[in-house]
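Colleague: I'd like to go through this one with you and ask what stands behind each label. Can you put it up first?

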Amino acid sequence: MNAPFPHTVVDESLSATEGYYTLLRIAHLGPHTVRVRVHRQVEVEPCFAAAEILSVDMTWTPLVMHHPDDWFDRTATPFKHINVKAELEPIADGLMQRVTAILVKSISIPEHVLDVVGALLAMAYGSTGEHLVTPDDVRWAKANGGPFRAIDRRDGSVLLTKAHRYDCPLLTSECDVPCDGKCQAVQAAGGDPSLN
């Protein structure tokens with residue numbers, strides 16, 4: 001199964017004793033942080049395999065599980081020097097595939113961008129604002145005005161603009177050089193600054 005955005009493993013730990021072995025993996029999947037845990041003991045009952053997603057309140061929320069009855073007999077009995085990765089990685093990978101299939105329906109937007117768009121929505125429609133952007137709205141916005149840009153500034157602010165043509169010094173220098181004034185002249189003359 002191909003992921004719409006690949007996951008990046010940011011931490012992984014493996015452990016083994018005579019009584020159990022465990023794989024713990026933390027991965028970034030688009031804007032999401034996912035934790036996969038697979039634990040194999042001598043008996044089937046305490047074993048588990050689960051994937052959880054980190055919620056906005058920094059708690060782990062269960063997303064998918066793989067019951068040990070389905071994989072217990074295909075893994076080796078615990079011993080101290082077992083190859084944990086070889087035994088448990090296929091189970092962990094399967095959990096990540098299922099997580100990806102669930103999360104493909106959501107739009108992948110970096111958290112910083114979500115914060116800025118949330119602030120813009122609150123400024124325009126109030127702190128509990130809501131606004132539906134239709135496909136017609138998107139087509140109109142692309143056909144009118146300059147290119148949309150979101151530019152991080154050194155003071156921590158973000159400039160959201162469609163008021164400048166593609167080659168405006170403000171955009172090409174990421175706010176280090178001010179607009180040369182030609183953008184407003186093009187707009188005043190009724191031209192489309194995005195074409196200049």
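Modeller: Let's start with a term: buried means under 20% relative accessible area, exposed over 50%, and partly exposed in between (1.4 Å probe, protein chains only). Helices (H or I, at least four residues) and strands (E, at least two) are DSSP runs, numbered from the N terminus. This is a predicted model, where local features need pLDDT of at least 70, side-chain atom pairs count only at pLDDT 80 or more, and totals for chains, interfaces and linings use all residues. Residues are numbered from 1 along each chain as its sequence is written, and side-chain values use heavy atoms, with hydrogens and water left out.

Colleague: Why is helix H3 said to lie largely in the open?

Modeller: H3 covers residues 135-143, and of its 9 residues the number buried is 0, so the helix lies largely in the open. Just after H3, glycine 145 has a positive phi of about 80°.

Colleague: What makes glutamate 111 count as exposed?

Modeller: Its relative accessibility is 59%, and the cut-off is over 50%, so glutamate 111 counts as exposed. Glutamate 111 sits in helix H2 (residues 111-125). Its C-alpha atom is 9.4 Å from that of histidine 32, 79 residues apart along the chain.

Colleague: Why does arginine 40 have no salt bridge?

Modeller: A salt bridge needs a side-chain nitrogen of Lys or Arg within 4 Å of a carboxyl oxygen of Asp or Glu. For arginine 40, which is buried, the nearest side chain of opposite charge is aspartate 73, 6.1 Å away. Lys and Arg count as positive and Asp and Glu as negative, while His and the chain ends are not counted.

Colleague: What does the side chain of arginine 40 make a polar contact with?

Modeller: The side chain of threonine 75, at 2.8 Å. The cut-off is a pair of N or O atoms within 3.5 Å; within protein, one must be able to donate a hydrogen and the other to accept it, and residues adjacent in sequence count only if both atoms are side-chain atoms. Arginine 40 belongs to strand E3 (residues 32-41). Leaving out residues up to four places away in sequence, arginine 40 touches (contact: heavy atoms within 4.5 Å) several residues, including Tyr20, Trp71 and Leu88.

Colleague: And how much confidence does the predictor put in the protein?

Modeller: The mean pLDDT (the predictor's confidence in each residue, from 0 to 100) is 83, and 86% of the residues reach 70 or more. Over residues 1-5 it is below 50, and beyond near neighbours in sequence this stretch has 9 contacts in the model.
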